[in-house]
Amino acid sequence: MDRLVNTDTQPQKTAASSDFRFWLDKRGGWTKRVRRIRLSGACASKTGEPITNIRAHIRDRVFNGSLNIPRPDLLEASGLSVAIAPVGFTIDARVPFGKSDLIIEVAGANDCWARVFSHKIRGPLIAGAADRRHWRDVQLNEAKGRYVWAVDVPHKWEVPVGPAHLSGWCVDTIGRPIEGVRARVGKRIFPATFGVPRADLVQRYPLLRATARAVFGIALRVPRRPCRLSLELKQDDGRWREFLRRQIIPTALGPTRREQPCGIDFQAGAQKRSRFEFWFDRPADWSKRRRYLHISGWCFAGEGAEVKAIRARIGRQTFAGSYGVVRPDVAARLHGLPGAFGSGFFVDITVLGGTPKLVLEAKSEKGKWEEFYARRLKGPLFAPRYDDVQEQVGNYSSWIRAYDAIYRSDRRQIRAHIKRLKLRPLISVLLPVFNTKVEWLERAIESVRNQLYPNWELCIVDDGSTAAHIWPFIAGVLRNDARIKAQRLTSTMHIAGASNAALELAGGDFIALLDHDDELASTALYFAAVELNRDPELKLIYSDEDKLDPHGRRCDPHFKTDWNPDLFFGQNFISHLSIISTKLVRQIGGFRVGYEGAQDYDLALRCIERIPSTEIHHIPRVLYHWRCSSDSTASFVDNKPYAHDAALRAVSEHFSRAGLKDVTVSPHRRIYRRVNYPQPPAQPLVSLIIPTRDQAGFLRRCLDSIFATTSYRSFEVIVVDNGSHEPETMDYLSDLQSAHQARVLRVNAPFNYSQLNNLAVSESRGDLLALLNNDLEIISADWLSEMISHAVRPEIGAVGARLRYPDGRIQHGGVILGMKGIGAHAHAGVLDEDGYFSRPHLVQNFSAVTAACLVTRKEIYLQVGGLDETHLTVAFNDVDFCLRIQQLGLRILWTPFAELRHYESTSRGPEDTLVKQQRFAAEVQYMADHWGEKLRNDPFYNPNLALDKQLFSLAFPPRLEKPWAVVSSRT
């Protein structure tokens, strides 16, 4: 990063006061006549006392400098301590005509100025245009090295004539706060609305406190002629600095205006006037034929209730949208009207063949869906089964080309890295074969031979194939590579028996499992070797995987979680690629006959019984390609029902071996499993804690559903009243106490969610605690029984539930860290569809769950100190609470079998005031400071998946390093 210091030559030591060490960087052209001059260098006190100010005198003018640049190079060269505060400085000065004395002075904490440098300089009679342009370019280049920014709108810099809006963000990488932003179009200046919170920037730049308030929005007017647009910022020194300059050529009708509808266009052709204003940023061209379409823009209710949700309809199919994207540009354009600030939206749709009708609808909090836009689309008549954007995660083909391709330079660096590895274990690849197509078997074998890691052996076992071509082909392969072993069984022993025969041939330290029609990535064994060098104690390694369609194209990637034991009991996500210690596999007796179709699942279950979780590792790389053939479960999950039965038995026996004989396992969603844990013998008392303020209708509905629906009856209700004053609420609370249905704690203090719950816990009598919002409604009668069955497990610290919106869509399915800076709810918007590999419907571990419905043991709550009522009074206290529980070595669990309806923060309301937004920004900053590394690396969310857009979509780029590139850069 450019430190604004001229480093073309070595620093020049000059005459100075005897109390200081002073350096001035040589500047080319001291003898040139220039109107503006930049001085840079360093100054340090010999006694080690800090220097607080620096300035320059030229005749009667004083120019203050900035003294905030680290210069450890000069401190070391002078023998001073590098721990001294930043000693580098810059001074911008204006040189008058003729000869003048340049004097530089510094001051310490006592504000006494001392001269450290003087020099004769000459200024020009007139500052020419070239000199002015040069100075502006110097400042702009320095800004590029110091500031980081992005302009979100306008898209592709298509700026309409007349009123326009511009929005984005800007951060000073040195850490100094930015106080304002403005735009300059020609000679006109347009001030910006600045200082809006942007939580994702905190996650990106966690060490810079100013990032929490870095967003700007500008309403400006663009002339008809081409002009120059400049963006400038102001900091605490009061100076405006240009950080972006570009030439713009206005479009007469705005960005593709004839293609781009807005609210006014739609209302003109409507029979009755709509109450909505809107604009589409994307798509720019609606006329193209697309199967998959991303629509984004903003929608604002000009009158009536504010918009709370957006959706799209094509025929009978409905596509849920995301609403509430921050749009400071719209807020500036609409003068801060309520709802304008969070009016952004996006929705992804699938376009049917022909010319289907698209309808976009908006909805207020309690209103009906209202149509605000409709048009005919053009969909392709035919589309390949797996094209560039059909994948659930997004454009997988583009992602492969950008981040998963291995080029010649990569191969060279990988081979060099392998030579430097201290451990190069032998890995035996087990390949059972039965009546395989020759072309598929050949590709499977070649994928092993093409491994960049050379220390492997391939153990092939022909399981009595009846096809005449199998063994002659294998015999031919044997002659070509000494690392290949093979055996031919006289009779068919099926997959488990054949795998055991291959295991007997294995002489490696680890085995890798490969099916006869699948393929390994060329880096598969290399990545395994790298991880074993990082941690030689690892015993079980697994990777991400994808599929090969009938045309051999990669599709349907499965980007997995790190070790997630509760999810593993419901879904075998280890599967491919599995690499396991050979010694461990032989100790447990290898593969078990009778578990065909789930033999690898059964093997993994028996392995995890023998090793701690620290010896299980996930490689977040696609290292295995699973072929979709007509008879494989990769294509149709119902092809092998016996495999699902075997998996069910394998999990049941796992719990029997663990001594948990009361645990039962049942099928779930055809191919998965639900593990049912028993209730405690003596039903423990559960304290249901519900903070509230007014809103008697919501509280009444919540409690009525609890009393009428909940099958678990051993509970007490503690209502924490935080300053209610409405007569209806006061009467209802009095009735609850009179009927002995609930205890009411009165807390007349400013809203502090953490404090309210902590006070209630101190008054609770239960061994278990259930933190509940007052805007919940029970759906499943056994919600509390389900959560308690997990909460009493000694390895579980807290349990969360599946919360649904009133329309049935999932509102909370666990918390993913890092999304929106701190965290976001997983699987939001899913109704009953599978979602990402059915995870919305399976019990699993997360880093955190929401305290809107959370069950934990009271002893754990007290051990971690409860919710943080000092730093996290409203937001993120549940995330912080769960992370502190994990520090005790306990797991956080989320279950979809405890279902409640959530009306979401009805008592507290939105973050719609400056005080609330400032409080929210402070809480974001605290989380970033306290949990920064964990927020960036959620073990239960794959780094190949996005944090800056929709969850469980592809990350562009992934949050991964190439180990060979890191090693090369260090060497």
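I take buried to mean under 20% relative accessible area. The model I am reading is predicted.

**Entry 1: Phe876**

I looked up phenylalanine 876 with that cut-off in hand. Its relative accessible area is 15%, so I log phenylalanine 876 as buried. I find phenylalanine 876 in a loop, with helix H20 (858-863) on one side and helix H21 (877-886) on the other. I then listed what phenylalanine 876 touches, leaving out residues up to four places away in sequence: Ile822, Phe920, Glu923, Val924 and Met927. I also checked tyrosine 926, which sits 50 residues from phenylalanine 876 along the chain. Their C-alpha atoms are 9.8 Å apart.

**Entry 2: Ser754**

Next I turned to serine 754, which belongs to helix H18 (residues 753-763). Is serine 754 buried or exposed? I read a relative accessible area of 0%, so serine 754 is buried. Where does its side chain reach? I traced the serine 754 side chain to the backbone oxygen of aspartate 868, at 3.1 Å. Asp868 is also one of the residues that serine 754 touches, once those up to four places away in sequence are set aside.

**Entry 3: whole protein**

I finished with the totals. I count 23 helices and 47 strands in the protein. Of its 971 residues, 54% are buried. The protein exposes about 43100 Å², and carbon and sulfur atoms supply 50% of that area. I also looked at contacts between residues at least 6 apart in sequence: 72% of them join residues at least 24 apart.

Key:
Residues numbered from 1 in each chain as written. Predicted model: local features only at pLDDT ≥ 70, side-chain atom pairs only at ≥ 80, totals over all residues. Heavy atoms only, no water. Helix = DSSP H or I, 4+ residues; strand = E, 2+ residues; numbered from the N terminus. Buried < 20%, exposed > 50% of the residue type's maximum accessible area, 1.4 Å probe, protein only. Contact = heavy atoms within 4.5 Å. Areas by Shrake-Rupley, 256 points an atom, 1.4 Å probe, with all protein chains shown as cover. Polar contact = N/O pair within 3.5 Å; in protein donor to acceptor, adjacent residues only side chain to side chain.
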